[in-house]
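Biologist: Good morning. I am new to this structure and would like to be taken through it step by step. Could you put it on the screen, please?

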Amino acid sequence: MSAELDLAGRVVELTRQLAGPGAEAEVVAVHSAEALTRFANSAIHQNVAEATTSVQLRLHIDGRTAGGSTTVTSAEGLSSLVERTLAAARLAPRDPGWAGLTAPTPLPAGAGFDEATAAAGPQERAARVRDFVDAAGGLETAGFCRTTYVSGGFANSAGQAVAGRSAEAAMDGIARFEGADGVARLAGGRLDAIDGGPLGAGAAAKARAGARPVELPPGHYEVVLEPTAVSDLIDNLATWGFNGKAFAQHQSFAELGAHQFDEKITLTDEPLGATLPFDLEGTPRDTLVLVRDGVTQAVSHDRTSAAEAGGVSTGHASAASRSWGPMATNLSLTPGPVTNAVPEEATGPIAAPARALVSRMRRGLLITDLWYTRVLDQKSLVLTGLTRNGVWLVEDGEVTAAVSNMRFTQSYPQALAPGAVLAVGADALPLPDRWSGVRYTAPALHLAAWNLTGNASG
Amino acid sequence: MSVDHFDEAGAAVQAALDAGARYADARVMLRRTESMSARDGDVEDLSSGESAGLGVRALVGSSWGFYAVPDLDDAAARAAGRRAAEIAAASARVPGPAIDLVRSEPVTASWASDCEIDPLSVPLSEKGDLLVAATAAARDAGADLAEGIYQIWDTRKWFVSSDGHRIDQHIRECGAGVTASAFGDGEIQRRSWPSHRGQYATRGWELVHELALTDNAARMAEEARALLTAPLCPAGETTLILGGEQLALQIHESVGHAIELDRILGWEAAFAGTSWLDLAQLGSLRYGSDLMNITIDPGLPGALGSFGYDDEGSPAAKRDAVRNGIWVGVLAGRDSAAMAGLDYAGSVRSDGWARLPMVRMTNVGLEPGPHTLDEIIAATDDGILMDINRSWSIDDRRLNFQFGCEIGWEIKNGRRGRMLRNPTYTGIGPKFWQSMDMLSSETVAWGTPNCGKGQPGQVGHTGHPAAPARFTNVRVGVRG
């Protein structure tokens, strides 16, 4: 039994002792160790690590519910957690939305995790930063190298008891040249698969090719979005559209069974091996097909949204899911068919997964990254945001000019609507979470139109 | 509180020094949180949290290291100090320029924010009844979805540095809000009171009493429903009047982040971004019109970004950022200020014991102007009034922005006219601020409890005094 499962079990038992057998309790204990080596101006300037164990308790008693959490895991701290959560539940207004506890359910076969990544130290991260900086050939660089390890245990008063572990390594960096930035990112389960050298060289190639940009007028442009930009599309689709609470409350565009996307689009959530194999309600996680061949298949649920929508939990409960809704956080857009006509290009601004798509674009824009995207209308999922880290004009399959960053205002489902996806790249890139807690595996996309509504002049 | 944690913080600092650090500081932080959300007259979520731990920062040569642990005993603190020094030593593998720290007078001090009614002492039943009543009122008035929320943070921290600081602080923050949504054919309209996600401050529950959530909930529902059939905000260039709440976010995004010294120095280049500001122009660059006077004031009583000392031990001090439209100041820390050749710090904060302190906004706000909102409207022949933020987006240099508001009104011949739906406006920061030609005196210190920055991510609490203002030749009505 893992230390975290033991800890969770002790809190369930403590709750039974203090609240009586009628109380329903679920407990998650998580030990996380995150270390992040951050660099800017080609030097490590922030280098941090933390190791934390936290316990979250949710308690339902006499029709009332309360949650509590603590990082104080001494006997005194755990007693305090149970006592104050119990007191809160007894004073809280009634909770008609309580969806009960997860029954004992086995986990799917574990994917394992890399012990070396979990134990990686600051020297190993610094070595990768050194390689990134060196490969950029003297350009100014910035970014991070990160390793994380998580061990978790879940127990509830209905008898569910599960545990799991995961590890992740990621690198994300830019190179800068004459006001232009280029980016390269990579994530995975093993630090030894992260090589700072190729990432630094790729970012530098983009930066050099981005210098002296031209300004283009706003309008609808055909585009190739590199995987780094595609990750923003699928993140926002999952956060606002395939969110079970938004769906249950009719705030989402999603219609189950409807042909809402181009048939080239298949989007799944792939949590196994990437995170703990269960959610905060103890529901086992597994692959969830959100879109298959353009048809919306499912939305992500916790027990509450599932009960409201008449479905079952898909294992997406989180600390915030009752308020913000359950969201898929390990998104994978299925690559397109492999072609034989992929140009072999060692340098230049086009990331390898996008090269074949760019070679077939008659006139349009190659967009590396999207930035600061925010929802203007949730139902139609219209967002505004900006391009970042490199935009180029492509004519007859060749990059002909760097373009300054532009603002867009675009409905994401409309951009992927039937007929709107001209091609999906054959290679998908594993990309790290940068802020939202979402990780991605994404290919490049060739889209018929992207609505650019402003340029550097306004 | 009878127990202090100076000893543990001091042990961590000493261990870092013993391991080779030439400077170290440590914070022990205890935080209690509580939040509740309600929907359509029912409580949806009720959570409380307790977090305790120690974070230590070590400077070895010219390289930093930071380590954090949840254990508050002497041995764990010493181990954390040693670990921070080890991490700093690893940083030297990719070294940067020499790091100095501007002087921060060593002090032994204690500070607490003002609080009339301890928000954690208010019975949960009372707080729940408030959200239930407010959301029920909105629902009864026609909202398809009514949501309410309150949040409370109670933070105690003990700071020790190798320069001789010993400071403890107790900061209590809370706030609340209610939102009504109306669902139309393919779109959703939303109205929030008193602001997007609520109003927050370093105050007690008396703030929430003043917000009068239930009294305003029905009007929010009625306005949300009315917006469904209101005409769209026209597209084009016009005179724009912004309400104070929206102007607060405009300040946050297009001034507050732009004057963060770490961004200006390139330290956030890969993620949060840089700044369009160039230090060579500090003291001479025209940021806005003569009406634009922006101050940095962490000592402002009750505002959300207030404290007695920042997380490097620098005392709260008021400072000009923009005076008569000219850029004159930045948000700085001890190391960034030294690197920039400045002699002041005071804006370094961490969102918890497990996170590295970094340059953050405190209270960054606009000094009051000579007008009132009514006078501004009366002086406007043709324009649009927009208020209450709905969406925000700005580029990585803090220049090119686009905001959406919940509600707009036509202004014709000095009068407020028809309601407008989906109002948006876009522009370039300095051009926009230079067009500000009227500014109200009706200032409110709006609180923003969700400012994201840093890797690993940190969520900052910032304050923004702001009042309604008028801007000319602004592009409005951008849509997809």
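Biologist: How many residues does the contact take from chain B and from chain A?

Modeller: The contact takes 81 residues from chain A and 68 residues from chain B. Two residues are in contact if their C-beta atoms, placed from the backbone, lie within 7 Å. Please note that this is a predicted model, in which local features need pLDDT of at least 70 and side-chain atom pairs count only at pLDDT 80 or more, while totals for chains, interfaces and linings use all residues. Residues are numbered from 1 along each chain as its sequence is written, and chains are lettered from A and ligands numbered from 1 in the order in which they are written.

Biologist: Which strand of chain A is joined to S3(B), and do they run parallel or antiparallel?

Modeller: Strand S2 (residues 43-61) of chain A is joined to S3(B) by three bridges, and the two run parallel. Glu50(A) stands opposite Ala68(B). Two strands pair if DSSP finds at least two bridges between them.

Biologist: How do H4(A) and H2(B) pack?

Modeller: Helix H4 (residues 122-135) of chain A and H2(B) have axes 9 Å apart, at an angle of about 20°. Axes are lines fitted to C-alpha atoms, for helices over the stretch in contact, and angles run from 0 to 180 degrees between N-to-C directions. The two helices are therefore roughly parallel, a term for angles under 35 degrees. Pro122(A), Gln123(A) and Ala126(A) of H4(A) meet Glu86(B), Ile87(B), Ala90(B) and Ser91(B) of H2(B).

Biologist: What about H4(A) and H5(A), how do their axes cross?

Modeller: The axes of H4(A) and helix H5 (residues 196-209) of chain A cross at roughly 35° and come within 7 Å. Residues of H4(A) including Arg128(A) and Phe132(A) meet residues of H5(A), among them Leu199(A) and Ala204(A). This contact divides into seven nonpolar, three polar and three charged residues.

Biologist: Changing topic: what is the strand order in the open sheet of chain A?

Modeller: Six strands form it in the order S10-S9-S8-S11-S18-S17, with mixed pairing. Strand S10 (295-296) and strand S17 (429-431) are the edge strands, each pairing on one side only. S17(A) pairs with strand S18 (residues 439-442) in the antiparallel sense over three bridges, and Leu431(A) stands opposite Tyr440(A).

Biologist: Last one: where is Asp114(B), and why does it count as partly exposed?

Modeller: Asp114(B) is in the loop between strand S4 (108-112) and H3 of chain B. Asp114(B) is partly exposed because 13 other C-beta atoms lie within 10 Å; a residue is buried at 20 or more, exposed at 12 or fewer, and partly exposed in between, with C-beta atoms placed from the backbone. Leaving out residues up to four places away in sequence, Asp114(B) touches Arg203(B), Pro301(B) and Gly302(B).

Terms used:
Helices (H or I, at least four residues) and strands (E, at least two) are DSSP runs, numbered from the N terminus. Angles under 35 degrees count as roughly parallel, over 145 as roughly antiparallel, 65 to 115 as roughly perpendicular and the rest as oblique. Ala, Val, Leu, Ile, Met, Phe, Trp, Tyr, Cys and Pro count as nonpolar, Asp, Glu, Lys and Arg as charged, and the others, Gly among them, as polar.
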